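Me: I'd like to go through this model with you, a few questions at a time. Ready when you are.

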Amino acid sequence: MGFSCGIVGLPNVGKSTIFNALTSAKAASENFPFCTIEPNTGAVPVPDPRLNVLAKLADSQKIIPTQMTFVDIAGLIKGASKGEGLGNQFLSHIRSVDAIAHVVRCFEDSDIVHVDGEIDPLRDIETIETELMLSDLDSLQKQVLKYSKLARSGDKKNQKIHTALKNLESHLADGKLAKTWENTEILEEEVSQVLNSLITSKPVLFVANTSEDNISTVPNPDGDSPIDKVAKHAKNTGSSVIVISGKIESEISEFSAEEREEYLTEIGITESGLDRLIVAGYQLLELMTFFTIGPKEAHAWTVKKDSVAPKCAGKIHTDFEKGFIRAEVIAYDDYVNAGSELLAKEAGKLRTEGRDYICQDGDIMHFRFNK
């Protein structure tokens, strides 16, 4: 649907293992750095039990879930921003995604070498974030130089842009992420565009990859375990964290749905780590789902939260947005409680909404438009 989440981290932290389990792809995951030469991309369905409920009520012949795109980006190392390893190539791939899932190794395994020796989640995070900030700083300095030249003409707007970018440059030079930059003035559009293009302005989800024994661990920002340290850093940087065992996810990715459910019950987990990762990535991007339901198919669609009805219509077809007349809407709970679209209509639960209607998560929608 055009929304992507890049999986990043140092070599041998479990990125490709998690990606392979996510997408059932056969991407390289051997035990040595740089085994992923090109970024691997996979679209995975977003778990949403509401879709199956609606499909059953409507007796839909086909079920089409909404999807998230994950990009497995090869491991970065110290010096990547200066071209070390295969850094520059991968940094460019990170710039193209909407959000970042940062996999951090929180498990010990003598059979899997760590690129920096011992396990130290905070050091690993610092290595990645430093390289991303240095890359951003290099990109930003080019913009600062550009507007420095433009500001010499005396143009007040360009002078304002230059001042703001210099402020942002100092923020990055102090080792701070772009998304933590606080600016009290209303930003010029050009400044906002530069800010949004920076890697460290992207939303981040930390994925603590742990052993099977610690899979039920609840991250505690006040604790001292490797997972807790990741949680504290996530809290301090306005990010979130989930705990996954890449080894477990790799194993159960080969199971049937019934076998997977039985296994998860045995180890005391209600849902797989991958399901939680997909949903967390979906939430990280501030997305929501609306549905179109009928006898032919039950279809879930992805849109940004607070999208208006014509934008939702455009997700189905651009002609729907261009010729939008109105939307016929039934809330999910009203549809389910009624038992069908017809019964929901008879109960007065179908609403007619115009161009300014802000779609709600779970809406069942029909669009009327001029051809």
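Reply: One term before we start: buried means under 20% relative accessible area, exposed over 50%, and partly exposed in between (1.4 Å probe, protein chains only). This is a predicted model, where local features need pLDDT of at least 70 and side-chain atom pairs count only at pLDDT 80 or more, while totals for chains, interfaces and linings use all residues. Residues are numbered from 1 along each chain as its sequence is written, and side-chain values use heavy atoms, with hydrogens and water left out.

Me: At what relative accessibility does Lys 15 count as buried?
Reply: Start with the partner: Lys 15 and Asp 72 meet through their side chains in a salt bridge of 3.4 Å, N to O (a side-chain nitrogen of Lys or Arg within 4 Å of a carboxyl oxygen of Asp or Glu). Asp 72 belongs to strand β4 and Lys 15 to helix α1, 57 residues apart (helices are DSSP runs of H or I with at least four residues, strands are runs of E with at least two, numbered from the N terminus). Asp 72 is buried at 0%. For Lys 15, which also counts as buried, the figure is 5%.

Me: How many residues apart in sequence are Asp 361 and Arg 50?
Reply: These two form a salt bridge, with the closest N and O atoms 3.0 Å apart. Asp 361 sits in the loop between β11 and β12, whereas Arg 50 is in helix α2, so the pair ties together parts whose separation in sequence is 311 residues.

Me: What is the relative accessible area of Glu 321?
Reply: Glu 321 forms a salt bridge with Lys 311, the closest N and O atoms being 3.6 Å apart. Lys 311 is in helix α11 and Glu 321 in helix α12, so the bridge ties together parts 10 residues apart in sequence. Lys 311 counts as partly exposed at 49%. Glu 321 is partly exposed as well, at 28%.

Me: Which element gives the largest share of the lining of the largest cavity?
Reply: The cavity in question has a volume of about 110 Å³. On a 1 Å grid over the protein atoms alone, a cavity is a set of points where a 1.4 Å probe fits but cannot get out, and lining residues have an atom within 4 Å of a point. There are 13 lining residues, with Ile 100, His 102, Glu 129, Leu 132 and Val 204 nearest the centre. The largest share, three residues, comes from α4.

Me: What is the phi of Asp 306?
Reply: Asp 306 is in the loop between β9 and α11. With 62% relative accessibility, it counts as exposed. Although Asp 306 is not a glycine, its phi is positive, at about 70 degrees.

Me: Which residue just after α10 takes a positive phi?
Reply: Helix α10 covers residues 273-284 and reaches 16 Å from its first C-alpha to its last. Its buried residues include Leu 274, Leu 277, Ile 278 and Tyr 282. Just after the helix, a positive phi of about 55 degrees is taken by Glu 286.

Conventions: The expected span of a helix is 1.5 Å times one less than its number of residues. On a 1 Å grid over the protein atoms alone, a cavity is a set of points where a 1.4 Å probe fits but cannot get out, and a pocket is an open set with protein on both sides within 12 Å along at least five of seven lines; lining residues have an atom within 4 Å of a point. Grid points are joined across faces, edges and corners, and a volume is the space filled by probe spheres set on the points.
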